[in-house]
Amino acid sequence: MLAANNRLTSRDQFARVTRSSIRSTTPTLVGYLAIEPTLSSPKIGFVVSRVVGGSVTRHRVQRQLRHASRDAMHILPQSSMVVVRATKKETDAHGEIPKLFSALSKKVGR
RNA sequence: AGAGUCGCCCGGAUCACCGCGUUAUCAGUGGAUUUAUUUCGACUGGUACCGAGGAAAGUCCGGACUCCAAUGGGCAAAGUUGUGGGUAAUUCCCACCCGGAGUAAUCCGCGGGAUUAGUGCAACAGAAAGCAGACCGCCAAUAGCAAUAUUGGUAAGGGUGAAACGGUGGUGUAAGAGACCACCAGUGCGCGAAGCAAUUCGUGUAGCUAUGUAAACCCAACUUGGAGCAAGACCAUGCAGGUAGCGUUUGAGUGUGCCCACACGAGUUACCGGGUAGGUUGCUCGAAUCUGUAAGUGAUUACAGAUCUAGAUGGAUGGUGAUCUCGCUAGCAAUAGCAAGACAGAAUCCGGCUUAUAGGGCGACUCUUCUU
């Protein structure tokens with residue numbers, strides 16, 4: 001689980017991140033990243049739509065993503081805001097999240 | 001032993017590491033405030049307690065709660081519909097009545113009125129489907145050698161249909177017919193008995209005797225103010241007005257749709273344009289849960305004792321691993337796979353209903369067969 005400080009909590013922040021040009025994809029996930037210089041630790045948000053499944057399935061997927069993100073958060077730059085969008089029902093969260101985050105970090109570095 | 005009916009309950013357990021949310025408490029950091037380490041809120045870390053369901057679901061009923069300045073009468077509209085009871089209340093629940101299904105336990109019923117209002121509809125088939133009539137028949141008269149034809153009588157028999165003008169037997173007759181008689185069935189009316197009542201039983205009487213449809217209009221009785229926690233309250237932030245209509249005691253508008261009365265009453269409605277869309281509260285102790293006793297056929301009620309049991313807001317209630325005991329799928333098996341595996345995730349809160357549900361447990365009852 002993510003600490004409250006590491007979550008995206010408003011509509012504005014989500015909108016800004018998803019408009020960002022820094023993007024990456026894995027078979028079941030899409031990641032967006034935006035740099036916010038004032039932050040001291042990353043903020044992460046999730047978008048899990050109806051495509052993924054019913055209410056129970058969506059919650060389940062979102063929790064697995066959050067736990068995986070916590071373990072992989074050290075990969076990200078400190079001042080980044082990230083949105084992860086799930087696109088399919090079957091998700092290997094613990095395998096794909098680290099790959100996604102490192103891919104995003106590389107793009108920032110360029 | 002087999003087949004079946006009904007009701008109730010459960011919806012994995014234990015452990016390890018890591019993590020999230022509310023509350024309480026301790027420590028620290030920096031801030032505002034004060035005579036005062038006095039008060040307030042913020043952040044970080046530690047500890048403790050608690051942290052999804054039987055349906056949290058559908059949002060179909062009923063309430064609590066909140067606001068609308070929650071007035072009276074009439075009309076309209078909507079809803080309900082056997083009787084009695086239960087409840088805060090109900091389109092819910094219980095008991096009973098009536099009708100239907102089943103050998104039975106039991107189940108099903110959108111169950112007021114079609115004979116004290118009226119209108120309408122009934123496909124196809126059939127002669128005929130509310131009122132008037134007869135296709136094949138049967139009988140009589142007339143005509144004819146005869147086959148048959150015409151006129152009249154008749155509704156027992158045949159055939160159609162979901163439904164056909166009570167049924168059986170007799171008397172009667174040209175042939176027949178409730179035309180008449182006996183028994184039977186139904187309906188209406190009267191009387192008596194049982195029941196709070198729906199209704200039931202008995203008895204007398206009238207020759208009174210086709211049906212369905214009110215999930216057709218309609219009629220009767222009863223009920224009903226509106227909007228909803230995005231209700232509502234407070235704080236913070238921010239802006240810019242313009243045009244047109246109707247009005248200011250000759251009264252716009254509000255008080256649910258229309259009308260009348262009454263009350264309030266100076267703005268209000270539409271369009272164009274602009275601003276904010278952040279926080280606190282409501283927010284969980286309640287028609288509460290569990291246990292026991294008593295009353296009642298039962299729904300339920302009364303009393304006593306014990307308990308405190310989610311409160312999130314981009315939205316916590318979890319992730320990973322192990323063991324036990326289950327389940328499903330595959331396989332001869334060892335075993336392997338599967339979100340522990342079904343349905344499914346609180347959002348103001350309760351009471352119901354409906355729908356979904358892997359697998360399992362308990363109890364009561366009915367029928368059949370066998371044994372003693």
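The legends below accompany close-up views of a predicted model.

**View 1. The four-stranded sheet of the predicted model.** Four strands form an open sheet with mixed pairing, and their order across the sheet is β1-β2-β4-β3. The edge positions are taken by β1 and β3 (43-48), each of which has a single partner strand, so that one side of each is left without a neighbour in the sheet. Averaged over this sheet, and with direction ignored, neighbouring strands are turned by 20° against each other. Strands of a sheet pair through backbone hydrogen bonds, in either a parallel or an antiparallel sense.

**View 2. The hairpin of β1 and β2.** The strands β1 (22-25) and β2 (29-35) are joined by a hairpin through three residues, and they pair in the antiparallel sense over four bridges. Within this pairing, R23 stands opposite Y32 in β2, while S24 has G31 of β2 as its bridge partner.

**View 3. Helices packed on the sheet.** Helix α1, which comprises residues 11-18, packs on the sheet and touches β1, β2, β3 and β4 (80-86), and its direction makes about 85° with that of β4. Helix α2, formed by residues 55-72, likewise packs on the sheet, where it touches β2, β3 and β4, and its direction makes about 155° with that of β3.

**View 4. Strand β2 and its pairing with β4.** The strands β2 and β4 run antiparallel and are joined by seven bridges, with L33 of β2 having V82 in β4 as its bridge partner. Six of the seven residues of β2 are buried, and this strand is therefore largely enclosed by the rest of the structure. In a regular strand the side chains alternate between the two faces of the sheet.

View 5. The side chain of T28 makes a polar contact with the side chain of E96, at 2.8 Å in the predicted model.

Technical notes:
Residues numbered from 1 in each chain as written. Chains lettered and ligands numbered in written order. Predicted model: local features only at pLDDT ≥ 70, side-chain atom pairs only at ≥ 80, totals over all residues. Heavy atoms only, no water. Helix = DSSP H or I, 4+ residues; strand = E, 2+ residues; numbered from the N terminus. Polar contact = N/O pair within 3.5 Å; in protein donor to acceptor, adjacent residues only side chain to side chain. Pairing = 2+ DSSP bridges. Axes fitted to C-alpha atoms, helices over the stretch in contact; angles between N-to-C directions. Contact = heavy atoms within 4.5 Å. Buried < 20%, exposed > 50% of the residue type's maximum accessible area, 1.4 Å probe, protein only.
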